[in-house]
Amino acid sequence: MADTPPVPSRIAALPSWLLGRAAARGRTLVATALAEQGMKMWHHAVLSAVAEVGPVAQAELGRSLAIDPKDMVGILNDLQADGLVTRAPDPADRRKNAITVTRDGVRRLRRCELAADRANDELMAGLEPAERDRFVALLRRIAHPAPE
């Protein structure tokens with residue numbers, strides 16, 4: 001089996017390339033950790049958001065996480081089938097569904113959070129605590145630039 005050729009130095013020095021590689025490694029670590037808890041990444045994101053802000057309207061949840069409405073329906077169907085969330089008419093607007101996390105959902109979420117934290121610790125293991133804090137702060141500025 002042939003060795004993988006090195007990435008050209010010009011490409012390997014690009015911040016966008018490095019961010020992409022780091023993101024891919026992080027996704028792999030977290031996805032593996034969540035899979036061990038019986039959870040997919042988008043399912044975890046939705047469950048976490050519902051636990052934090054629920055009960056929440058299904059459409060609002062999708063917009064806040066930038067998930068296509070058709071995909072959101074599938075994710076919520078899966079979470080509901082697993083007994084992790086409930087959907088009921090929103091008391092404020094009966095035309096909408098309000099999503100609420102169940103006790104089982106809270107328990108699963110806690111296990112997933114611990115697993116994801118361990119995976120993120122592994123991702124950041126090469127950095128000192130102060131470097132981790134600074135790195136995350138810089139990533140926030142890159143991901144959400146201030147308006148000019």
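A pocket is an open set of points, on a 1 Å grid over the protein atoms alone, with protein on both sides within 12 Å along at least five of seven lines, and its lining residues have an atom within 4 Å of a point. Its volume is the space filled by probe spheres set on the points. This is a predicted model, in which local features need pLDDT of at least 70 and side-chain atom pairs count only at pLDDT 80 or more, while totals for linings use all residues. Residues are numbered from 1 along each chain as its sequence is written, and side-chain values use heavy atoms, with hydrogens and water left out.

**View 1. The second largest pocket is lined by Leu139, Arg140, Ala143 and His144.** About 210 Å³ of space lies in this pocket. Its lining has 2 nonpolar, 1 polar and 1 charged residues, where Ala, Val, Leu, Ile, Met, Phe, Trp, Tyr, Cys and Pro count as nonpolar, Asp, Glu, Lys and Arg as charged, and the others, Gly among them, as polar.

**View 2. The largest pocket has a volume of about 870 Å³.** Of the 21 residues that line this pocket, Gly26, Arg27, Val30, Asn120 and Leu123 lie nearest its centre. Helices H2 (15-35), H3 (41-53), H6 (103-123) and H7 (129-143) each supply at least two lining residues, a helix being a DSSP run (H or I) of at least four residues, numbered from the N terminus. H2 gives the most, with 8 residues, and the lining as a whole has 14 nonpolar, 3 polar and 4 charged residues.

**View 3. Asp104 and Arg107 meet in a salt bridge.** A salt bridge is a side-chain nitrogen of Lys or Arg within 4 Å of a carboxyl oxygen of Asp or Glu, and here the N to O distance is 2.3 Å. The two residues are 3 apart in helix H6, so they are separated by about one helical turn. Asp104 is partly exposed, with a relative accessible area of 41%, as is Arg107 at 46%; buried means under 20%, exposed over 50% and partly exposed in between, with a 1.4 Å probe and protein chains only.

**View 4. Arg132 forms a salt bridge with Asp121.** The closest N and O atoms are 3.6 Å apart. Because Arg132 lies in helix H7 and Asp121 in helix H6, the pair ties together parts that are 11 residues apart in sequence. Arg132 is partly exposed at 24% relative accessibility, and Asp121 is partly exposed at 44%.

Definitions and conventions:
On a 1 Å grid over the protein atoms alone, a cavity is a set of points where a 1.4 Å probe fits but cannot get out, and a pocket is an open set with protein on both sides within 12 Å along at least five of seven lines; lining residues have an atom within 4 Å of a point.
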